[in-house]
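Hi,

Here is the structure I promised to pass on to you. Have a look at it first, and then read my notes below.

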Amino acid sequence: MANLKILVATHKEYIFPNEKCYIPIQVGKALQHNNLGIQGDNEGLNISTKNQTFCELTAIYWAWKNNFINTDYAGLVHYRRYFSGNSILLKGKRVASENELLKAIDGYDCLVPKKRNYYIETVYSHYKNAHYEKDIKLVKYIIEQDFPDYVSSFNKIMNGKKLHLFNMFVMKTELFNSYCEWIFHILFKLDNQIDVSNYDTYQKRVFGFLAERLFNVWLLKNQLKVKEVKIVNIEKENLFFKVIGLLKRKFFSR
């Protein structure tokens, strides 16, 4: 029977699903004084010190470079954000179990969050209004130079209005390894070309933001068969303020 490992990225103590497929990992552990008593992203080959800019990608990199994923499927979720299910009750919310995820992915290459629709702007204009446009322009240049066969998919995603967000997934392990090769090539090259020292705490998460967009490009280019799954947020989200923030960025851009 197929099996999977799903990293649960966290930076603080929390309640995690009590199921063996979920592996909590302390991200940015090299930068923190607290030890959560769980797996850290600072062992072996790692980029733990880059967590402020790479976000949950430090967990992905650690798992990839240290061959941690020795199962059929690899995944990533967050301590407060999971794929929806019926089996596991976590702080009053229903989270998908290993069996539910394996059933869901049967016949597919990858499970992804349901797309967010920006409605009033494109993926590119949203990024331009919310972050630094120069960074995504550099990403496009890197793709043009190093992965020219991805340019068409990049343009299609950027001109569209929908995205799978959160850098969350469950996918075949061989695809996980392939994705890591591609995404970190781009992001490390960009890391050598931009200076984030003057970015505020939010904008310093630049590589995490860009990876959300690039994951969609990679899915499209490789024509992967994906299945969308609802996301469960363990903590409350204020959607009203999210919408207000989107409108502010749209009409009063940076």
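Let's start with Q203, which sits in the loop between α7 (173–191) and α8. Q203 is buried, with a relative accessible area of 5% (buried means under 20% relative accessible area, exposed over 50%, and partly exposed in between, using a 1.4 Å probe and protein chains only). Its side chain is joined to that of H131 by a polar contact of 3.1 Å. A polar contact is a pair of N or O atoms within 3.5 Å; within protein, one must be able to donate a hydrogen and the other to accept it, and residues adjacent in sequence count only if both atoms are side-chain atoms.

Before going on, some background: this is a predicted model, where local features need pLDDT of at least 70 and side-chain atom pairs count only at pLDDT 80 or more, while totals for chains, interfaces and linings use all residues. Residues are numbered from 1 along each chain as its sequence is written, and side-chain values use heavy atoms, leaving out hydrogens and water. The helices (H or I, at least four residues) and strands (E, at least two) are DSSP runs, numbered from the N terminus.

Next, the helix pair. The axes of α4 (residues 123–130) and α8 (residues 206–221) come within 12 Å and cross at roughly 170 degrees. Axes here are lines fitted to C-alpha atoms, for helices over the stretch in contact, and angles run from 0 to 180 degrees between N-to-C directions. α4 and α8 are therefore roughly antiparallel to each other (the word is used for angles over 145 degrees). On the α4 side, V123, H126 and Y127 make the contact, and on the α8 side V206, F209, L210 and R213 do (contact means heavy atoms within 4.5 Å).

Then there is α6 (residues 151–159), whose buried residues are V151, S153, F154, I157 and M158. They cover an arc of only 160 degrees around the axis, so they are on the same side of α6; the arc is that of the directions from the helix axis to the C-beta atoms. Among the elements covering these buried residues are α4 and α8. The exposed residues S152, K156 and N159 are on the face turned away from the buried side.

Most residues other than glycine have a negative phi. N167, however, has a phi near 55 degrees, and Q223 has one near 50 degrees. Which of them is buried and which is exposed? N167 is buried, at 4% relative accessible area, whereas Q223 is exposed, at 70%.

Cheers

Notes: Angles under 35 degrees count as roughly parallel, over 145 as roughly antiparallel, 65 to 115 as roughly perpendicular and the rest as oblique.
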